[in-house]
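Hello,

I am passing on a structure that will be new to you.

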Amino acid sequence: MRLDDPTALDLDYSRVMMAFLLLQPQPESILMIGLGGGSLAKYCHRHLPQARITVVEINPEVMAARETFQVPADGDLFSVVQGDGAAFLATTPRDSYDVILVDGFGPDGEQPEDLCSLAFYKACRAALRPSGVLMVNLQDKEPQCSRLIGRIWQMFGEPVVPLEVACGGNLVVLAGDDAAFKACAGSLRRRWRELDAVHQGTLDDVLSGLEEELKPWWTAPVREKKPVAGDVGAVAAKPKVALAPVEAKRVSKKTPVKPKRSGGKR
C-alpha cells in the first residue's frame with residue numbers, strides 16, 4: 001500500500017482486475033472473495049460510490065490488519081465479512097451481482113481448491129446477473145493455470161479470455177456473457193474514453209491486451225451502399241416497363257436462369 005495514496009492500485013494484477021469496468025462501467029453490486037491488503041476494495045469503494053460492495057475474507061489475521069491497511073469501516077454500501085468465500089457463494093441467491101472478483105490464496109500463496117473447483121465457478125455463474133462479469137486472479141503456473149481456465153470455460157462457455165499481467169507471476173481471467181463481449185469488442189476505445197480519468201489511468205495498460213483478446217467477438221458494421229448512376233443498383237431501381245405480348249413470348253423461350261445458391265454460414 002502506498003502511504004501517500006492508500007487507494008491507489010500499485011500492483012499490476014490489481015489494475016488488470018479492474019478491466020470489468022469496460023463491460024460494466026457502473027456496477028450496482030460487487031462481490032470480492034479475498035481481502036488481502038484491501039487495495040481493490042478501497043479503490044472500488046472510493047471510485048465507484050454507487051456500488052454495493054461485499055468482501056468475504058476467511059483469514060482472521062487478515063481481518064485483524066484491516067485498520068492498518070486503512071480499509072473503510074462497514075456501512076450501508078460497504079461491508080467486510082469474515083467467512084469462507086465458497087460457502088458464501090453457495091448460499092447466494094441467483095442474479096445477485098454485476099461483478100465478482102476472486103482473489104483468494106492460502107497462507108503459502110497456494111490457490112485453495114474450494115476457490116477454484118467446478119462447483120465454485122458454477123456458483124459464481126449463478127450468482128452473476130445475465131450480463132455480469134467474473135474476474136479471477138490466478139497464479140501463472142502450468143499445468144494448473146490452463147486447467148483452471150478450462151474449468152471456468154466449462155461454466156461460462158466461449159466468453160472467457162486470459163489477460164496477461166506485466167509482472168508478478170499472475171494471470172487474470174475475465175468471463176462473462178457473449179452479448180456483452182460482442183458489444184464491448186466493437187466499442188472498447190469509446191468505452192474507455194467515457195470512463196472517469198482515474199479509471200482511464202488504471203486501465204491504460206490493459207486496453208491493448210483486452211482489445212486483442214476480444215477480436216473473435218468483433219464484427220464490422222454493415223454499411224448500406226448508396227446507388228451510383230450507371231451501376232447495377234441504379235439500373236435495378238428504374239421502374240419496370242410492361243412487356244408487349246410478343247416480347248413476353250420471346251423472353252419465356254430463353255433458357256431459365258438457375259437460382260443462386262444461398263450462402264452457408266462459415
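Please keep in mind that this is a predicted model. Let me start with a pair of helices. Helix 5 (residues 118–127) packs against helix 6 (residues 144–156) at an angle of about 40 degrees, and their axes are 9 Å apart. Since angles from 65 to 115 degrees count as roughly perpendicular and those under 35 as roughly parallel, that angle makes helix 5 oblique to helix 6. The crossing of helix 5 past helix 6 is right-handed.

If you want to find the contact on screen, look on helix 5 for Leu118, Tyr121, Lys122 and Arg125, which meet Leu148, Arg151, Ile152, Gln154, Met155 and Phe156 in helix 6. Sorted by class, this contact of helix 5 with helix 6 has 6 nonpolar, 1 polar and 3 charged residues.

Next, the pockets. The largest pocket has a volume of about 770 Å³. Its lining is made of 39 residues, and those nearest the centre are Gly34, Leu35, Gly36, Gly37 and Asp103. At least two lining residues each come from helix 1 (12–17), strand 1 (29–33), helix 2 (39–47) and strand 2 (52–57). Among the contributors, helix 2 gives the most, with 4 residues. By class, the lining of the largest pocket has 20 nonpolar, 12 polar and 7 charged residues.

The second largest pocket has a volume of about 240 Å³. It is lined by 15 residues, and Val16, Glu164, Val165, Asp205 and Val206 are the closest to its centre. Helix 1, strand 6 (160–164) and helix 10 (207–213) each give two or more residues to this lining. Here helix 10 gives the most, with 4 residues. The lining of the second largest pocket divides into 7 nonpolar, 3 polar and 5 charged residues.

Finally, how many cavities of 30 Å³ or more does the structure hold? There is 1, and the largest cavity has a volume of about 40 Å³. Its lining consists of Val102, Gly104, Gln111, Pro112, Leu115, Cys116, Tyr121, Val136, Asn137 and Leu138. Strand 5 (residues 128–139) gives the most to the lining of the largest cavity, with 3 residues. By class, that lining has 7 nonpolar and 3 polar residues, with no charged ones.

Enjoy exploring it, and do write back with any questions.

Best wishes

How values were computed
Residues numbered from 1 in each chain as written. Predicted model: local features only at pLDDT ≥ 70, side-chain atom pairs only at ≥ 80, totals over all residues. Heavy atoms only, no water. Axes fitted to C-alpha atoms, helices over the stretch in contact; angles between N-to-C directions. Parallel < 35°, antiparallel > 145°, perpendicular 65-115°, else oblique. Left-handed = near helix turned anticlockwise from the far one by under 90°. Contact = heavy atoms within 4.5 Å. Nonpolar A, V, L, I, M, F, W, Y, C, P; charged D, E, K, R; others polar. 1 Å grid on protein atoms, 1.4 Å probe; cavity = no way out; pocket = protein on both sides within 12 Å on 5 of 7 lines; lining within 4 Å. Points joined across faces, edges and corners; volume = space filled by probe spheres on them.
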